[in-house]
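Subject: A model to look at

Hi,

Here is the model I promised to pass on. Please have a look at it first, and then read on for what turned up.

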Amino acid sequence: MTITSPPVASPPAVARTRFPRGAVCLLLAALAVVVTLTASIRLGARDISTLEIVRILLHPGGESYNAQVLWTERIPRSLLGLLVGAALGASGLIMQALTMNPLAEPGILGIEQGAAMFVVLGVVFLGVADLQGYFWLALLGSAVSAALVYLIGTRTNTGSSTIGLVLAGVSLAAMMSALITLMVVRDTAAFSHLRFWSVGQLTGRASVLGETWPFAVTGLLFALPFGRTLNILSLGDDTARSLGVPVERARLAAAAVAVLLCAAATAATGPVAFVGLVAPHCARMLAGPDHRWTLPMSMALGAVLLTGADIAGRLVLDHGEIQVGVMTAAIGTPFFVWLARRRNLVRV
């Protein structure tokens, strides 16, 4: 008689945990923000070593020249660049999601030019010369230009609302740019005051960080919870309503946040183009179409792009520097051409 031993139960399989792709990309983007911030503080017309930076940060009361440069210029300028870049990245992503338009961004849709035009009107006719005045004028100009682009773009006979919005935004931006030039060249004092601001720059703008960050941070905090809402809105209005989302109210709230972010960024540094276009598309290419991940990714990549462009502008010339608005245009224009020529645009 053969005695067989009872079968031995195999150990239960250990479930493998896997980090979402978006979480990994967001972690790498956060690391890129830290690296870019460090490089922005360290590099410039006068390079400061990492050890010297650490020493100054640990002993903030130092009176050395490097300490003065660090506390009065480099650190505020770098933080302002990160903040403005994050605001433009988030604003561009929200606009693309709301309009279902992969080419939408504050500059291309004329939002930044509208903000800039109202600031110029305030300087020329009202004598406004402080950042808070710039902010409220930029906020009003952003809202007015956004409403005009939507009204004109949705009523054009182009066969596509996407093309209509882009054409309306580009046309409105060109008209406003011409009006800005006309007003500024006729007023010597206004030209002297606005000739650098209208290019889009971080040079000499370190002092505005304290007045800008409450508006920008508020907009970023309000924007973060919209990831799920933007996902549902992308399914279509009928599906969104069936899932309990008040479509009109949600679109209006998201658009208000996007305008707030654009206005805060433009009031701080002047109009800076293409950051709101490049950052969202890079975020989707890396993290996929889920707005819960791409929204913070777009903030991080916008901060990296703007601050990286500022660093490049400082180093490209032996003497002096190129303004960040010029550098982002040099980076963003080829990207826009490549994006427009693609047969299958990244899905928004």
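Let me start with a pocket: the second largest pocket holds about 500 Å³ of space. Its lining has 27 residues, and Gln 113, Ser 177, Ser 198, Pro 271 and Ala 273 are the closest to its centre. H4, H6, H7 and helix H14 (324-341) each give at least two residues to this lining, with the largest share, 7 residues, coming from H6. By class, the lining has 18 nonpolar, 6 polar and 3 charged residues. Here Ala, Val, Leu, Ile, Met, Phe, Trp, Tyr, Cys and Pro count as nonpolar, Asp, Glu, Lys and Arg as charged, and the others, Gly among them, as polar.

A pocket is found on a 1 Å grid over the protein atoms alone, as an open set of points where a 1.4 Å probe fits, with protein on both sides within 12 Å along at least five of seven lines; lining residues have an atom within 4 Å of a point. Grid points are joined across faces, edges and corners, and a volume is the space filled by probe spheres set on the points.

The largest pocket has a volume of about 650 Å³. It is lined by 20 residues, and those nearest its centre are Leu 98, Thr 99, Ala 146, Tyr 150 and Ala 255. Two or more lining residues come from each of helix H3 (65-99), helix H5 (131-153), helix H6 (161-185) and helix H11 (247-269). This lining divides into 16 nonpolar, 3 polar and 1 charged residues.

Before going further, a word on how to read all this. This is a predicted model, in which local features need pLDDT of at least 70 and side-chain atom pairs count only at pLDDT 80 or more, while totals for chains, interfaces and linings use all residues. Residues are numbered from 1 along each chain as its sequence is written, and side-chain values use heavy atoms, with hydrogens and water left out.

The mean pLDDT (the predictor's confidence in each residue, from 0 to 100) is 82, and 88% of the residues reach 70 or more. Where pLDDT is low, the predicted coordinates should not be read in detail.

As for the overall fold, the protein has 14 helices and 0 strands. Helices (H or I, at least four residues) and strands (E, at least two) are DSSP runs, numbered from the N terminus. Of the 348 residues, 49% are buried, where buried means under 20% relative accessible area with a 1.4 Å probe and protein chains only. Among contacts (heavy atoms within 4.5 Å) with a separation of 6 or more, 76% join residues 24 or more positions apart.

H4 (residues 111-126) has 16 residues and end C-alpha atoms 22 Å apart, which agrees with the 22 Å it should span at 1.5 Å a residue; the expected span is 1.5 Å times one less than the number of residues. In H4, 12 of the 16 residues are buried, including Glu 112 and Gln 113. Gly 127, with a positive phi near 70 degrees, follows H4.

Phe 274 is not a glycine, yet has a positive phi of about 75 degrees. Most residues other than glycine have a negative phi. At a relative accessible area of 14%, Phe 274 is buried. H12 itself is largely enclosed by the rest of the structure, because 10 of its 13 residues are buried; His 281 and Arg 284 are among them. After H12 comes Gly 288, whose phi is positive, near 95 degrees.

Finally, two single residues. Ser 40, in helix H1 (residues 21-42), is buried at 1% relative accessibility. Beyond four places in sequence, Ser 40 touches Arg 74, Ser 78, Thr 307, Ile 311 and Arg 314. Asn 66 lies in H3 and is buried, with a relative accessible area of 14%. Leaving aside neighbours within four places, Asn 66 contacts Arg 46, Ile 48, Glu 52 and Ile 56.

Best wishes

Terms used:
Buried means under 20% relative accessible area, exposed over 50%, partly exposed in between (1.4 Å probe, protein chains only).
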